[in-house]
Amino acid sequence: MSLALLIDFGSTFTKLLAVDLAAEEILAYAQSCTTVETDIMVGLRRALDLLPPHLQGAPYECRLSSSSAAGGLGMITIGLIPELSAEAARRAALGAGAKVVKVYSFRLSTRELEELVGLKPDILLLAGGTDGGNREVILDNARLLAASRISCPVLIAGNKAAADEVQSILSAAGKITLLTDNVMPEVNVLNVEPVREMIRKIFIERIIESKGLKKAEEFVGGILMPTPTAVLRAAQLLSQGTGSEKGLGDLVIVDIGGATTDVHSIGAGNPVQPGVVRKGLPEPLTKRTVEADLGLRYNAGTILKLCGEGRILQHASLFQKDLAPRLEKLSQCVEVLPQTAEDQDLDFALATCAARAAMERHAGSIEALWGPQGQYYVQYGKDLTGVEHLIGTGGIFIHHRQAGGILRGTLFSPEEPFSLRPKTPNLYTDARYCLFAVGLLADRYPESAFRIARKYLRRWN
Amino acid sequence: MGDHQKSKTVVLGVLGVDAHVVGNKIMAHALESEGFKVVNIGTFSSQQDFIRAAIETAADAILVASLCGHGEMECRGFRENCIEAGVGEIHLVVGGNLVVGKQNWEEVEKRFLQMGFNRAYPPGVSPKQVIADLKKDLPKG
């Protein structure tokens with residue numbers, strides 16, 4: 001036996017997964033409430049106590065963990081033009097597993113600067129200007145930040161012709177600065193990897209400690225990444241495969257949580273139809289979007305506001321009464337698991353609405369334009385219509401008996417032909433909640449991690 | 001190729017619902033071989049696409065192509081939008097098949113100059129001419 005213990009310090013629950021790497025088997029799963037406000041170890045010990053006795057003190061070959069506790073990795077990004085460098089910076093931060101609290105563009109105003117300081121980000125990403133392009137705005141923003149009370153690390157990823165000066169200005173004011181390549185070196189060229197790598201480094205070196213997770217790190221031997229990055233890593237592994245295992249190809253993962261719904265897609269998303277012109281900032285091959293207004297607990301009330309009572313009831317199969325007060329209660333008691341058949345049915349309806357809206361925002365769209373020579377089609381974002389695999393993860397996909405139905409609700413519909421959502425993918429659910437663990441294992445044990453994911457994903461069609 | 005042009009950045013693209021890409025590629029190639037830094041935003045570009053790219057790259061000029069005959073309609077307000085976005089002084093150039101039908105070029109040119117373009121070119125103009133004018137028009141340094 002070669003055992004691994006994978007831990008996720010989630011915003012609500014601390015989850016454990018014990019895995020036998022040699023047999024490529026999941027041995028046990030346990031969860032308990034995350035206790036980051038008091039002592040992170042309390043919740044971890046409670047969860048450990050829930051494992052079968054022989055696994056509680058077993059000799060684990062590795063203990064790895066991810067974390068989205070204490071608010072996750074909160075980032076603020078600053079760029080020049082909203083649709084160009086500011087958007088490039090936002091995408092890089094999302095791909096690094098961050099929660100992007102706010103995006104600013106152009107020269108910061110006094111009001112914005114005050115707001116920014118008040119939002120207390122964990123990392124600030126400062127971009128702006130292509131290489132050799134605009135220097136003034138990023139330099140002005142550096143001066144403004146230097147004079148502010150901001151104390152978090154500032155990651156500089158803008159115009160290389162201004163970057164050194166930006167760093168000097170901030171360092172002279174005692175700010176913690178890190179420098180990397182421009183996130184948008186040319187117009188419509190994205191360069192997100194160096195930024196993502198640097199964010200991961202800052203997360204491991206600085207954020208763990210500032211979040212009160214250091215103690216846990218001593219026990220687990222390494223909090224490697226924010227939870228969303230672990231899921232994204234699993235998505236990459238499944239899509240690309242390993243030396244001996246062929247990858248699945250293009251895929252999409254929908255991750256429905258208590259506070260947010262994340263969508264991850266791996267694939268270029270190029271136009272499938274001939275003659276379609278692609279416009280806008282290119283999409284990263286590995287793309288993550290986060291819908292901060294779609295979650296089954298904290299945002300249960302927001303789903304009602306967004307989708308309306310009619311849409312929610314359309315996905316419910318049982319009679320649901322007093323919708324508004326019940327959803328209000330859910331958003332206040334976020335740790336509550338569904339007790340009755342009605343509760344489960346309501347969770348299913350909420351999840352279907354959330355997944356549907358999140359997929360619509362993640363997928364690209366097509367616009368038909370008329371010109372003197374006839375009709376043209378312009379595509380913005382990724383065309384996901386040809387994606388072959390769609391995977392659902394999150395608590396709802398473990399517990400609900402019709403979980404596959406949630407995924408069906410996200411698919412392409414002929415009534416909205418311009419929304420490029422997947423058409424006929426294979427549907428899977430992460431029924432054993434192992435994708436975060438697969439992501440954590442991906443670098444050290446890619447082969448086993450890949451096969452564990454394949455083995456435990458439940459197929460629905 | 002001289003040092004003068006090396007430092008000059010121009011935004012190039014085709015304005016509006018217009019798929020004519022051949023001239024765009026030729027122009028980009030001609031400008032690059034003369035040492036210009038070309039930010040080619042391609043076909044189906046809006047006025048805002050040109051202006052955003054010009055700000056981000058601190059461009060010295062915007063070169064607008066319009067081949068579909070709707071140039072007059074599509075180009076309206078370009079200078080005003082530049083002013084609004086804080087790059088009101090940028091050198092604006094337009095060319096292509098700007099109007100439909102047989103119209104006197106001098107009159108067409110006048111209309112585009114009145115719109116705020118610094119240069120307007122008739123159909124069939126040589127890239128050499130455009131580049132020679134750019135070298136003359138853009139301040140050295």
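**View 1. Chain A, with 49% of its 461 residues buried.** This is a predicted model, and we start with its chain A. Along this chain you can pick out 16 helices and 19 strands. Its radius of gyration is 22 Å, close to the 23 Å that the globule rule gives for 461 residues, so chain A is as compact as a globular protein of that length. If you boxed up its C-alpha atoms along the principal axes, you'd need a box of roughly 60 × 60 × 50 Å. Now take the contacts in chain A between residues at least 6 apart in sequence: 71% of them join residues at least 24 apart.

**View 2. Where domain 2 of chain A touches domain 3 of chain A.** Chain A splits into domain 1 (3-69), domain 2 (74-205) and domain 3 (234-459). Domain 2 of chain A puts 11 residues into their contact, and domain 3 of chain A puts in 7 residues. On the domain 2 side, helix 3 (residues 85-95) of chain A gives the largest share, with 5 residues.

**View 3. Helix 10 of chain A crossing helix 12 of chain A.** Here you're looking at helix 10 (residues 300-314) and helix 12 (residues 341-362) of chain A, whose axes come within 10 Å and cross at roughly 100°. That angle falls in the 65 to 115 degree range, so helix 10 and helix 12 of chain A are roughly perpendicular to each other. Helix 10 of chain A brings A:A300, A:I303, A:L306, A:C307, A:R311 and A:I312 to the meeting, while helix 12 of chain A brings A:A349, A:L350, A:C353, A:A354 and A:A357. Sort the residues of this contact by class and you get 10 nonpolar, no polar and 1 charged.

**View 4. Chain B, from its N terminus on.** Chain B has 7 helices and 5 strands. Follow the chain from its N terminus and its elements run α-β-α-β-α-β-α-α-β-α-β-α. A compact globule of 141 residues would have a radius of gyration near 14 Å, and chain B, with 14 Å, agrees. Its C-alpha atoms fill a box of roughly 40 × 30 × 25 Å along the principal axes. Buried residues make up 43% of chain B. For contacts in chain B between residues at least 6 apart in sequence, 75% link residues at least 24 apart.

**View 5. Chain B up against chain A.** In this view, 16 residues of chain B are in contact with 19 residues of chain A. Two elements of chain B, strand 2 (37-45) and helix 3 (47-57), each give two or more residues to chain B's side. Helix 3 of chain B supplies the largest share of that side, 5 residues. By class, chain B's side has 9 nonpolar, 4 polar and 3 charged residues.

**View 6. Helix 3 of chain B, mostly covered.** Zoom in on helix 3 of chain B and you'll find that 10 of its 11 residues are buried. Among them are B:F50, B:I51, B:A53, B:A54 and B:I55, along with B:D49, B:R52 and B:E56. What's covering them? The cover on the buried residues includes helix 3 of chain A, plus strand 1 (9-15), strand 2, strand 3 (61-66) and helix 5 (78-84) of chain B. After helix 3 of chain B comes B:A58, which has a positive phi, near 50°.

Methods:
Residues are numbered from 1 along each chain as its sequence is written. Chains are lettered from A and ligands numbered from 1 in the order in which they are written. This is a predicted model: local features need pLDDT of at least 70, side-chain atom pairs count only at pLDDT 80 or more; totals for chains, interfaces and linings use all residues. Two residues are in contact if their C-beta atoms, placed from the backbone, lie within 7 Å. Helices (H or I, at least four residues) and strands (E, at least two) are DSSP runs, numbered from the N terminus. Ala, Val, Leu, Ile, Met, Phe, Trp, Tyr, Cys and Pro count as nonpolar, Asp, Glu, Lys and Arg as charged, and the others, Gly among them, as polar. Domain bounds come from an automatic or database domain assignment. Axes are lines fitted to C-alpha atoms, for helices over the stretch in contact, and angles run from 0 to 180 degrees between N-to-C directions. Angles under 35 degrees count as roughly parallel, over 145 as roughly antiparallel, 65 to 115 as roughly perpendicular and the rest as oblique. A residue is buried if 20 or more other C-beta atoms lie within 10 Å of its own, exposed if 12 or fewer, and partly exposed in between; C-beta atoms are placed from the backbone. The radius of gyration is taken over C-alpha atoms; the globule rule is 2.2 Å times the number of residues to the power 0.38.
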